[in-house]
Amino acid sequence: MAQYTRVSGSVGLITLQNPPVNALSAAVRQGIVNTVQRALSEPEVKSVVICGQKGAFCGGADIKEFGTNMSGPPLVPMIHAIESAVKPVVAAIEGVALGGGLELALGCHYRIAHSKARLGLPEVTLGLLPAAGGTQRLPRLIGVPAALDLITTGRHVTATEALQLGIVDQITDHNTVDVAVKFALSVAGQSLDSRRISSYPCPRHSDFDALFEAAMQKVHQSARGAIAPVACVQAVRAAATLPYSQGMEREKELMATLFTSGQARALQYCFFAQRAVGRWSMSSGARWDTSKPRPVHKAAVIGLGTMGRGIAVALAQAGLSVVAVETQEKQLIEAKQAVTGMLERGAKRRGVTPALDKITYSPNIQNVADVDLIIEAVFEDMALKEKVFKQLSAVCKPGTFLCTNTSGLDINRLASQTCNPELVVGMHFFAPAHVMKLLEVVYGPRSSPHAVATAMHLGKKIGKVSVAVGNCRGFVGNRMLKPYLEQALFLLEEGATPEQVDQALEEFGFAMGVFRMSDLSGLDVGWRVRKADGLVTSDATTGQQARIRQGHRYSPLGDLLCEQGRFGQKTGRGWYQYDKPGSRVAKPDPWLQNFLEEYRARHGLVVRRIDHQEVLERCLYSLINEGFRILEDGIAAGPEDIDVIYMFGYSWPRHRGGPMFYASMVGLARVLERLEYYHQAHPDVPSLHPSTLLRKLVANGSPPIHKWREVIKKLHSQL
Ligand SMILES: CC/C=C\CC(=O)SCCNC(=O)CCNC(=O)[C@H](O)C(C)(C)COP(=O)(O)OP(=O)(O)OC[C@H]1O[C@@H](n2cnc3c(N)ncnc32)[C@H](O)[C@@H]1OP(=O)(O)O
């Protein structure tokens with residue numbers, strides 16, 4: 001929909017109306033076509049202003065329409081008609097001008113933006129390219145290097161940067177529409193020959209070949225198999241080398257290959273999944289829209305190790321007052337220095353003043369008495385955490401929320417140490433906590449909906465993508481990681497090398513394979529947990545029996561490495577070797593090769609050739625299978641929750657849409673068949689045994705992912 005009014009006597013004002021972001025739905029496009037025609041045909045109208053309702057110019061094409069039979073007028077001729085108009089058309093940009101919204105503005109003859117507006121061509125993040133002329137007009141307007149940067153990354157720019165780049169003609173702090181109308185009056189009747197971007201030559205560059213080669217190399221490196229960034233470079237190259245009309249043809253051709261691709265579907269699913277997790281629900285039925293968060297002005301962090309420091313920084317940067325408690329004096333001094341540095345560096349990057357005065361440091365836990373919410377981030381040890389929770393419960397004022405940053409321990413056990421277990425939830429951050437976007441908000445059986453709502457709200461305030469999940473060992477992310485890690489070790493026992501396993505996973509799109517990632521995180525972390533679980537034995541027996549623990553197949557390979565002091569990057573040795581402790585460049589280690597050979601010989605393991613397909617299927621399908629179990633158990637409310645956790649916390653490649661979406665793309669029947677096959681070959685590995693929900697979904701004809709919740713509901717009602 002678009003509203004037409006005449007203002008100031010001779011300006012036709014077109015207002016896009018499709019809240020909340022005025023996306024270009026079929027109705028909006030039709031509205032624009034009609035109102036532009038009307039403005040151009042009314043003799044009293046001398047110029048036109050296009051704006052958006054309620055402070056948002058336009059958030060681009062309506063993404064919800066992409067998976068449907070699209071109807072209504074197409075964008076390209078609509079924008080062309082605006083650019084060819086004989087009356088000046090001015091875009092009044094407030095809020096956002098993104099994707100098709102910016103392309104619409106580029107078709108206008110002038111662009112005036114509010115100083116707080118954001119502009120960009122984020123289509124690449126949806127697996128697409130700006131195919132309403134964006135790849136052809138933007139390079140003509142701002143030059144190839146800047147256009148390549150914006151189009152291949154999809155990043156948003158501020159109005160100030162847009163002005164510097166030449167995307168907008170003017171910025172204002174006043175009412176943008178009023179300014180645009182005044183401007184439109186001033187340019188009425190002027191020649192538009194120099195205002196039509198499609199008629200501009202693309203600014204020359206000293207060496208286009210080298211420029212595009214470098215751009216292509218960059219996207220290949222960072223895209224990790226995503227096809228849209230590559231197509232974006234190709235489309236911009238067409239702008240630089242072909243006349244406009246041929247460039248538009250090339251843009252259309254490239255878009256056609258992307259539009260129906262699995263990657264575009266996956267990325268668009270991610271867009272909506274990321275927003276869906278905000279509409280959380282608990283297994284009790286409590287929901288986001290019926291549970292009110294309580295205000296949190298002052299918070300405390302207990303324990304200033306790596307995680308505690310990052311959490312304190314995240315809270316302070318969001319404007320909260322923070323009491324940072326560390327009982328060990330030396331650690332407190334070091335932490336204060338480190339946190340100050342992190343705040344200063346972050347502030348420098350963002351061009352703001354560091355929030356140093358937001359944090360007070362204390363060695364005394366009594367100093368948290370007046371805070372609204374506490375995040376405990378002490379060492380991952382249940383007994384220690386229980387002690388801290390007991391102390392906190394005695395010290396803090398009534399109604400203070402008590403949160404734990406545990407990565408997998410029982411929330412309910414901690415809650416039972418307090419007088420108000422309903423105020424206890426998990427807030428599981430990911431390292432580095434001030435950088436990583438994911439926050440798992442974990443509710444126990446006694447956590448109140450208010451506590452969950454408050455933690456979710458706080459997560460949003462500090463810029464996290466928060467996902468509410470139930471309480472179980474490892475919650476969602478780490479619980480699913482366990483079978484994945486386990487399979488990787490089994491593959492080594494059977495003949496694979498760390499490099500081979502990592503290569504398969506990195507080619508799939510992970511930033512790091514499982515072994516490089518373990519070296520980075522530190523092998524001792526898991527070792528400590530396995531010791532606490534009674535899985536690590538000092539018994540020197542060999543053969544199959546030595547590899548059975550608690551009734552199931554177990555690989556002690558990780559434990560054996562730790563016994564050698566090989567903890568990963570920090571010790572300079574792990575699954576790989578490093579030049580020195582702390583170095584990040586992983587090199588294959590001949591020592592490890594010998595170690596594996598001796599290990600296999602000692603245990604009578606026969607080496608066989610393992611291909612990439614087996615690596616991927618065993619690592620990923622066992623992880624996915626656990627995801628189905630998590631849904632079955634009601635720990636996650638839907639597949640979107642799991643997928644968002646994996647994309648934001650575990651670097652699952654976004655263009656694959658998260659593990660559960662990936663399973664739906666592979667085909668549930670295929671995943672089931674392969675799990676059955678591997679389980680038959682490895683009957684002592686329970687994580688390969690297909691879950692009931694997966695079987696049920698396949699028996700129900702493998703419904704699309706948005707219908708899984710219905711099957712899950714039925715399954716729960718039968719239990
Ligand atoms: C020929 C092809 C030509 C062009 C292709 C394109 O234009 S593709 C689309 C390009 N545009 C984008 O990628 C922008 C996507 N939107 C955003 O980045 C953010 O939504 C935005 C605009 C920055 C606003 O962010 P904010 O945090 O304020 O709100 P939120 O993200 O929660 O969005 C509010 C609701 O609006 C829905 N929505 C946003 N953009 C679109 C869109 N382009 N199409 C359809 N729906 C959109 C979003 O899903 C939210 O809905 P809700 O039901 O409340 O979850």
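Reader: Where does Asn 22 lie?
Author: Asn 22 lies in the loop between β2 and α1. Helices (H or I, at least four residues) and strands (E, at least two) are DSSP runs, numbered from the N terminus. Residues are numbered from 1 along each chain as its sequence is written. This is a predicted model: local features need pLDDT of at least 70, side-chain atom pairs count only at pLDDT 80 or more, and totals for chains, interfaces and linings use all residues.

Reader: What is the phi of Asn 22?
Author: Near 55°. That is a positive value in a residue other than glycine.

Reader: Is Asn 22 buried or exposed?
Author: Asn 22 is buried, with 27 other C-beta atoms within 10 Å. A residue is buried if 20 or more other C-beta atoms lie within 10 Å of its own, exposed if 12 or fewer, and partly exposed in between; C-beta atoms are placed from the backbone.

Reader: And Gln 550, with phi near 50°. Is Gln 550 buried or exposed?
Author: Exposed: Gln 550 has 8 other C-beta atoms within 10 Å. Its place is in the loop between β18 (548-549) and β19 (552-553).

Reader: Switching to sheets. In what order do the strands of the three-strand open sheet run?
Author: The order is β5-β7-β8, and the pairing is mixed. β5 (96-98) and β8 (157-158) stand at the edges with a single partner strand each, so one side of each has no neighbour in the sheet. Two strands pair if DSSP finds at least two bridges between them.

Reader: How many bridges join β7 to β8?
Author: Two, and the strands run antiparallel. β7 covers residues 118-120. Arg 118 has Thr 158 of β8 as its bridge partner.

Reader: What about β6: how many of its residues are buried?
Author: Five of the five, so β6 (residues 110-114) is largely enclosed by the rest of the structure. Both faces are covered. Tyr 110, Ile 112 and His 114 are buried on one side, Arg 111 and Ala 113 on the other.

Reader: Which residue in β6 stands opposite Val 90?
Author: Tyr 110. Strand β4 (residues 89-93) runs parallel to β6, joined by four bridges. Three bridges link β6 to β9 (residues 170-172), again as a parallel pair. There, Ala 113 stands opposite Ile 171.

Reader: Helices now. How many residues of α12 are buried?
Author: 11 of the 12, so α12 is largely enclosed by the rest of the structure. The buried residues include Met 307, Arg 309 and Gln 317. α12 (residues 306-317) reaches 17 Å from first C-alpha to last, close to the 16 Å expected at 1.5 Å a residue. The expected span is 1.5 Å times one less than the number of residues.

Reader: And α22, how many of its 13 residues are buried?
Author: One, so α22 lies largely in the open. α22 (residues 590-602) reaches 18 Å, close to the 18 Å expected. Just after α22, Gly 604 takes a positive phi of about 65°.

Reader: What domains does the assignment give?
Author: Domain 1 (2-259), domain 2 (298-473), domain 3 (496-602) and domain 4 (612-718). The bounds come from an automatic or database domain assignment. The centres of domain 1 and domain 4, taken over C-alpha atoms, are 40 Å apart.
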